[in-house]
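Hi everyone, thanks for coming. I'd like to walk you through a model on the screen, so please bring it up and follow along with me.

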Amino acid sequence: SFPGERKEEELEAPAGGKSPGAKAAAGGWAWGVVLHFFLVNVLVMGMLKTFGIFFVAFQEEVGGSSEQVSWIGSIMSSLRFLGAPLVAVVCRKLGERPTSVIGAGLVAGGCLLSTQATSVPFLCASMGLLLGMGFACLYQAAAVMTAKRCRTRLAFSNAIARSGMGLTFLIAPFTQLLLDFYGWQGTLLIFGGIMLNLVPSSMLLRAVSTQPPRHSSAKNPDHGSSMAKEDSETLDGCLDETTPREIQLCSAQDLPTTEGAMTPHGRDVSDLANTSASEGFEKPPVDGGSPGIAKRSYTSLPPTKKENSQPLLDFSPLKDPVFGIFTWSFLFSHLAYFVPIFHLVARARTLGISSMDASYLVSVAGITETVSQLLSGWVADQNWTKKYHYHVAYLVLGGVTNLLCPLATTFPLLMTYAVAFAVFCGGFMALVLPVLVDLVGVQNLHSYLGFAAFFAGLAAIGGPPLAGWLYDYTQTYVCSFLFAGACALISPISFFFEPSAQKWKLKKANL
Amino acid sequence: QFYKLLLGVSGISVEKNITLDSATRIELSCRLDDKHFHFKSVQVTWKRGNETIRHINKTENSWSIQLTILDNSKLGSYNCTLKGEQELSAVFHLQVPKIEGKEKAIVSYEGDTAVMICKSSGHTPIAWTWYMTNGSEQIAINDSLLADKYAINRMSANVTHLKISKLTKEDGGVYWCEAAFELGKSKGKLKLKVLSIMVPLKPFLAIVVEAVILVAIVFLCEMYSKKRAKRA
């Protein structure tokens, strides 16, 4: 152990000179990840939104009632969320890049297979199932990779990636054009090809490079070469402008993880153990305190041993009160988000506003939401206060706006409501992922995000029928907005319990 | 059945479309809007084309004609003209129900099956006939003669389907669905476009090639940066 420590000390100085270069390379790849996430958002959301255009074509040619055809769309959009826990398992086993490539392959394959469809159940399976699971894979891998790569500017990067959803309005006329030219089969064929473009962008999801000088639990540098073969992807980041000796160190620090199962995120485990020891510690001072670093890495050993005996399908998030807090808020905020969107245009119509003006409302709301996402992400990244405080603030303001909506009875007032709602919605949507990362850390992100997405999927499935039922029951759209406002106000309540939940967790960990 | 039109502003012609599918008796009436006009002497003429029809002066300000429509010859445009200080007129268009075809072409592929749908809104036709356009001629489609190629199904009272199997390029073009009513016939136009599979396949292959090239570029970048790191 001592020779390893000394080696680390020797390498501190040259490593200090190299790390800006390594950081620059890491920064470049981080933008690549954001680009991929952006593309995923554009294509996935675009596909989901344009399903409505395919709906008509399917009904005419393949036959089937309106209800049957709409099942395809429901399966597609709900599997995207419900498949997340399963995808989380796959991600942890294989790594993000293979999962993403598999996801892209599933989507492209689903599209191509659907061109041969002759009946609605066939389409349900080929389009609904394959595309839904593919989307889930893509989304999960991209989201977690963004969280892992963009540590310092997570909220802003997340917001940039999410702004891809704002571009989806271009896809609808494009789809219509393709449908007119090639028919629905040709259009699906071309969409399959476009989705194949996600394969090269998935390749940008290189596994995270942790900065080598920070960790050393080096026991036996000679084992380095064998480690290198098993974990070549995670080493890639390390290899950006590092010396051969540092390569040995990089591989050597994987040693503690061989006690348990060798998982690709084993290194992230040791990484997080170090970061949890020094809270919020993003860029370590490379020159100072190398003995201190060595000490910290020793204390990291027992936790890494424990961590690696995690079962593959990890239900621990369900027992975690922090997860409960987050999911409660996530569920209600998603309900509050979906319902007004569905009913805004209808409400405008009942107030006598023409459909042209109503569609203006929707477009303005969309643009405002995108802009507000970017702003909110940037503001949150400035770290003036904890991110979930912003999240709570946006939710409360959004809830209040919704409760005031019934007072909006003319076009200008409704436009004001739409803009305000879009601002607050964009604000809190952009912060969902950063808040989760703040609460649970990057290491467990896969399982937490998987289950959180699962519950969001339940909300997404239940939301529209619930909204429809509300309208049928009360015969007015006012109730849906009041309901959405109430949901938005209920959802941040759970965050008040966050400090006490963290204390409870620490107590449990120390026991 | 009774139809009425109100004569108002001079210069603007008032019109009404009346759809009839079976033999019936109708009454068409023109009324002068007495809020705006008080003509001292009025001369009213009801005409269909050049033919004048005798009318009845029902009330002080309305004039009507009664018609028994038995066949196609009685359909057309009936015109009532009012001459006083100003000249006002109104037109009633008596027609058979219109059949809606499709404005956009139906796109299908060679070897595939295409279904063309024609609907009649509201009125039930006695019979449906499908026509294919060959050059400038319209040829009726006989589905018993070419049973494995064409199939005509009357899905419901107002809807008819033409199913064409084993499409070839020559099957593309304009099709007509004709509905026969008691009072006449009415046609709807549909367009069929038959594409070969190569047509969408070319852009697809182009995109696939582009994706493969991008994969290769990313891969090469990675190998390059690995080599650079190893050398350094």
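Let me start with a question: which residue of chain A forms a salt bridge with Glu222(B), and how far apart are the closest N and O atoms? The partner is Arg97(A), and the closest N and O atoms of the two are 2.9 Å apart. Before going on, please keep in mind that this is a predicted model.

That salt bridge belongs to a count of two between chain B and chain A. We also find four residue pairs in polar contact across this interface. Now, which parts of chain B sit on that side? The elements giving two or more residues are strand 11 (106-109), strand 18 (184-195) and helix 1 (198-231) of chain B. Helix 1 of chain B gives the most, with 17 residues. If you sort the chain B residues that touch chain A by type, you get 18 nonpolar, one polar and seven charged.

How many residues does each chain bring to the contact? Chain A brings 31 residues and chain B brings 26 residues. Between them the two chains bury about 2,400 Å², with 63% of that on carbon and sulfur atoms. On the chain B side, the residues that lose the most area to chain A are Phe204(B), Ile207(B) and our friend Glu222(B), together 21% of what that side buries.

Let's move over to chain A itself. You will see 22 helices and zero strands there. Of its 511 residues, 55% are buried. Take the contacts in chain A between residues at least 6 apart in sequence: 86% of them join residues at least 24 apart.

For those of you who like aromatic rings, the count over all chains is eleven aromatic pairs. How do the rings of Tyr417(A) and Phe481(A) pair up? Their centres are 5.6 Å apart and their planes stand at 90 degrees; planes over 60 degrees apart count as edge-to-face, so this pair is edge-to-face. Tyr417(A) comes from helix 19 (residues 411-440) of chain A and Phe481(A) from helix 21 (residues 478-490) of chain A, so the pair ties together parts 64 residues apart in sequence. Both Tyr417(A) and Phe481(A) are buried. Elsewhere on the tour of rings, Phe323(A), Tyr448(A), Phe454(A) and Phe455(A) are linked by ring pairs into a cluster.

Is Ser186(B) buried or exposed? Its relative accessible area is 9%, and buried means under 20%, so Ser186(B) is buried. A polar atom of its side chain lies 2.9 Å from the backbone oxygen of Pro97(B). Beyond its neighbours within four places in sequence, the contacts of Ser186(B) include Val96(B), Lys98(B), Cys177(B) and Phe181(B).

The other stop is Leu67(B), found in strand 7 (residues 62-69) of chain B. Leu67(B) counts as buried too, at 10% relative accessibility. Which residues touch Leu67(B), leaving aside neighbours within four places in sequence? They are Thr24(B), Arg25(B), Ile26(B), Leu28(B), Tyr78(B) and Leu94(B). Pick out Arg25(B) from that list: it sits 42 residues from Leu67(B) along the chain, yet their C-alpha atoms are separated by 5.7 Å.

That's my tour, and I'm happy to go back to any view you'd like.

Definitions and conventions:
Residues numbered from 1 in each chain as written. Chains lettered and ligands numbered in written order. Predicted model: local features only at pLDDT ≥ 70, side-chain atom pairs only at ≥ 80, totals over all residues. Heavy atoms only, no water. Contact = heavy atoms within 4.5 Å. Buried area = accessible area lost by both parts, 1.4 Å probe. Salt bridge = Lys/Arg side-chain N within 4 Å of Asp/Glu carboxyl O. Polar contact = N/O pair within 3.5 Å; in protein donor to acceptor, adjacent residues only side chain to side chain. Helix = DSSP H or I, 4+ residues; strand = E, 2+ residues; numbered from the N terminus. Nonpolar A, V, L, I, M, F, W, Y, C, P; charged D, E, K, R; others polar. Phe/Tyr/Trp six-rings, centres within 6.5 Å; stacked < 30°, edge-to-face > 60°. Buried < 20%, exposed > 50% of the residue type's maximum accessible area, 1.4 Å probe, protein only.
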